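Please look over the sequence and the three-dimensional structure shown here before reading on.

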Amino acid sequence: MNTLKTILLCVLFLIFGCSEENELSPLQIKFKNTTPFSIESILIGEQSIGTLHPNESTNYIAFDAFNFDTGLPDERCTGTIDDKPIESYNEFYWCGTQKNTVYEGIFEMNIHLVENEDNKIYLILKVE
C-alpha cells in the first residue's frame with residue numbers, strides 16, 4: 001500500500017510540480033541572432049540567454065517586465081563575439097519622455113550589430 005501511495009505522490013508531483021515558468025508568465029519574448037557571428041554569454045536585462053549562433057532563435061523566455069523607449073527595446077543587451085565583449089547600444093536612449101514598461105505580451109526581437117561614429121560595435125535589440 002505504501003508503494004502505491006509513493007507512486008501516486010510522484011505522479012501528482014510530476015503533473016503539478018513541474019510546470020514551466022514560461023507557461024505561467026504573461027510576458028514572453030523570443031530572441032533571434034541576425035548577425036553573421038555566434039554570440040556567447042548573451043545577457044538581456046537581467047536574463048542570461050546563453051549562446052546564439054547566426055540565425056538561431058531562443059524559445060520564448062519569461063520576463064517579469066521589459067522596458068521600451070519610443071517603441072524600441074530599452075533593455076541592456078550584451079554578449080561576447082570571438083572572445084571580445086560587446087556592449088549594448090540600447091542604453092543610449094536617454095530622452096525618457098516616451099519610456100514605458102510592459103508586463104504582458106508576446107514579442108519577437110532580433111539581435112543586430114550596430115557601429116557608431118567611432119567604429120565601435122554594439123549589440124542592439126529590435127522588435128520585429
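The sections below describe the chain as a whole, then its salt bridges, and then two further residues.

## Basis of the report

This is a predicted model, in which local features need pLDDT of at least 70 and side-chain atom pairs count only at pLDDT 80 or more, while totals for chains, interfaces and linings use all residues. Residues are numbered from 1 along each chain as its sequence is written, and side-chain values use heavy atoms, with hydrogens and water left out.

## The chain as a whole

The secondary structure comes to two helices and eleven strands, where helices (H or I, at least four residues) and strands (E, at least two) are DSSP runs numbered from the N terminus. Read along the sequence, these elements follow the pattern α-α-β-β-β-β-β-β-β-β-β-β-β.

Of the 128 residues in the chain, 32% are buried; buried means under 20% relative accessible area, exposed means over 50%, and partly exposed lies in between, with a 1.4 Å probe and protein chains only. The accessible surface of the chain comes to about 8300 Å², and 53% of this belongs to carbon and sulfur atoms; such areas come from the Shrake-Rupley method with a 1.4 Å probe, and for residues only the protein chains shown count as cover. Among contacts (heavy atoms within 4.5 Å) between residues at least 6 apart in sequence, 61% join residues at least 24 apart.

Side chains of opposite charge can pair when their charged atoms come close. A salt bridge here is a side-chain nitrogen of Lys or Arg within 4 Å of a carboxyl oxygen of Asp or Glu, and by this rule the count comes to three.

One of them joins the side chains of K99 and D69, at 3.7 Å from N to O. This pair links distant parts of the chain, with K99 in strand 9 (residues 99-102) and D69 in strand 5 (residues 66-69), 30 residues apart. K99 also meets D74 in a salt bridge, at 2.4 Å from N to O, and here too distant parts of the chain are linked, since D74 is in the loop between strand 6 (72-73) and strand 7 (77-81), 25 residues from K99.

E87 and R76 meet in a salt bridge through their side chains, at 3.3 Å from N to O. E87 is in strand 8 (residues 84-88) and R76 is in the loop between strand 6 and strand 7, eleven residues apart, so that this pair also links distant parts of the chain. Both residues are partly exposed, with relative accessible areas of 31% for E87 and 34% for R76.

## Two further residues

K120 is placed in the loop between strand 10 (105-115) and strand 11 (121-127), and at 41% relative accessibility K120 counts as partly exposed. The C-alpha atoms of K120 and E87 are separated by 9.4 Å, although the two residues are 33 residues apart along the chain.

S48 is found in strand 3 (residues 47-52) and is exposed, with a relative accessible area of 60%. Leaving aside neighbours within four places in sequence, S48 is in contact with I42 and L43.
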